[in-house]
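Here is a friendly walk through one predicted model.

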Amino acid sequence: MRLLPQPDNPLHLATITAIARARPVPDAQRLRQAIEVRHTDRRPPKQQPIPTDVMPLLQATAATHLSGLQPLDRDKVLELAAAITQAQADETADPATRRELDTWTGTDRHSGAGIPDANILTGPTSTTVPNRDFGHIGTLPVNDQHDDAATYAILYGYADDPRAWLRAGQALSDIWLATTAMNIALLPFSAAVEPPRTRELVNRLLIGIGYAQLAIRLAIPDPTQGDAPRTPRLPTTETIERVQP
Ligand SMILES: Cc1cc2nc3c(=O)[nH]c(=O)nc-3n(C[C@H](O)[C@H](O)[C@H](O)COP(=O)(O)O)c2cc1C
């Protein structure tokens, strides 16, 4: 994979070229199986902290992609919640953002892609950090449990350029599959890192160690709730068309 962006196309992130078959690394089969079951569950998790050895393991995984993972203490979780609340209020007030959200979660959604109502909660959670505001409620029942046993963390890069974004994406992918294999639920929170104003607030939580790419919640899934439904996937024969805003 060539990571260098093309100077004439700042949106180009990477070129992937298959050059030869290689022996799978020892964990590859386990991670491949995790791809089948990995999913996003927005419901409140179990009131039980993740094991203490998980964070160092995930930090080591992030480091292999030249990225970092910084857990947040209670005060910083409150600051993250405030930044997400602000970002979501700004997004909801912006008709263009609401339209964009509708193309992948709302009535305009392609039935084979995006987030169906079955994966969107029937109401807001009682958690400190608010769930994504999809502009409408869904059909996935939500209980009034809190998530104060969960761990919040910021996935960050050592630069804020396309190469660092790509590396953070690779780190997220590896971290997500590793947590899936350990039965730990990972919930991403991207609202606050999207607009520059709140992205700066999240950056400040890192006190200079890096540039925030994504906030994540790590928690033990609540087994009494059953599995969340899977989101649809487009067939691999369908290509993606990027629509200019
Ligand atoms: C970079 C990234 C950011 C995401 N941000 C959010 C978010 O802010 N809130 C949320 O509820 N889900 C978020 N998600 C989860 C996606 O909505 C989800 O992965 C996608 O709809 C596919 O569903 P699945 O994970 O269940 O397969 C994010 C996923 C990625 C990869």
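Ala 185 is found in strand S3; here helices (H or I, at least four residues) and strands (E, at least two) are DSSP runs, numbered from the N terminus. Ala 185 counts as buried because 22 C-beta neighbours lie inside 10 Å. The cut-offs are these: a residue is buried if 20 or more other C-beta atoms lie within 10 Å of its own, exposed if 12 or fewer, and partly exposed in between, with C-beta atoms placed from the backbone.

Setting aside residues up to four places away in sequence, Ala 185 touches Asp 41, Pro 45, Ala 219 and Pro 221. Contact means that the C-beta atoms of two residues, placed from the backbone, lie within 7 Å. Ala 150 is 35 residues from Ala 185 in sequence, and the two are 9.7 Å apart in space, C-alpha to C-alpha.

## How to read the model

This is a predicted model, in which local features need pLDDT of at least 70 and side-chain atom pairs count only at pLDDT 80 or more, while totals for chains, interfaces and linings use all residues. Residues are numbered from 1 along each chain as its sequence is written.

## The sheet

In what order do the four strands of the open sheet lie? The order is S1-S2-S4-S3, with antiparallel pairing; two strands pair if DSSP finds at least two bridges between them. At the edges are strand S1 (67-71) and strand S3 (185-189), each of which pairs on one side only. From one strand to the next, the twist averages 30°.

Strand S2 (residues 151-157) runs antiparallel to strand S4 (residues 211-219), and seven bridges join them. Thr 151 stands opposite Leu 218 in S4. S1 and S2 also run antiparallel, joined by five bridges. Tyr 156 in S2 is the bridge partner of Gly 68, and Tyr 156 also stands opposite Ala 212 in S4. S2 is largely enclosed by the rest of the structure, because six of its seven residues are buried.

## Helix packing

Two packed helices are described by the angle between their axes and the distance between the axes. Helix H1 (residues 28-37) packs against helix H5 (residues 162-181) at an angle of about 85°, with their axes 9 Å apart. The axes are lines fitted to C-alpha atoms, for helices over the stretch in contact, and angles run from 0 to 180 degrees between N-to-C directions. H1 is therefore roughly perpendicular to H5; angles under 35 degrees count as roughly parallel, over 145 as roughly antiparallel, 65 to 115 as roughly perpendicular and the rest as oblique. In this contact, Arg 30, Leu 31, Ala 34, Ile 35 and Val 37 of H1 meet Leu 177, Thr 180 and Ala 181 of H5. These residues divide into six nonpolar, one polar and one charged, where Ala, Val, Leu, Ile, Met, Phe, Trp, Tyr, Cys and Pro count as nonpolar, Asp, Glu, Lys and Arg as charged, and the others, Gly among them, as polar.

What angle do the axes of helix H3 (residues 74-92) and helix H6 (residues 196-204) make where they cross? They cross at roughly 175° and come within 9 Å, which means that H3 is roughly antiparallel to H6. Glu 79, Leu 80, Ala 83, Gln 86 and Ala 87 in H3 meet Thr 198, Leu 201 and Val 202 in H6. By class, this contact has five nonpolar, two polar and one charged residues.

## Loops worth a look

Most residues other than glycine have a negative phi, and most peptide bonds are trans. Leu 66, in the loop between H2 and S1, has a positive phi of about 50° although it is not a glycine. Leu 66 counts as partly exposed because it has 15 C-beta neighbours inside 10 Å. Asn 183, in the loop between H5 and S3, has a positive phi of about 55° and is not a glycine either. Asn 183 is exposed, with 10 other C-beta atoms within 10 Å.

Gly 138 sits in the loop between helix H4 (95-105) and S2, and with 18 other C-beta atoms within 10 Å it is partly exposed. Ile 120 is 18 residues from Gly 138 along the chain, yet their C-alpha atoms are separated by 4.3 Å.
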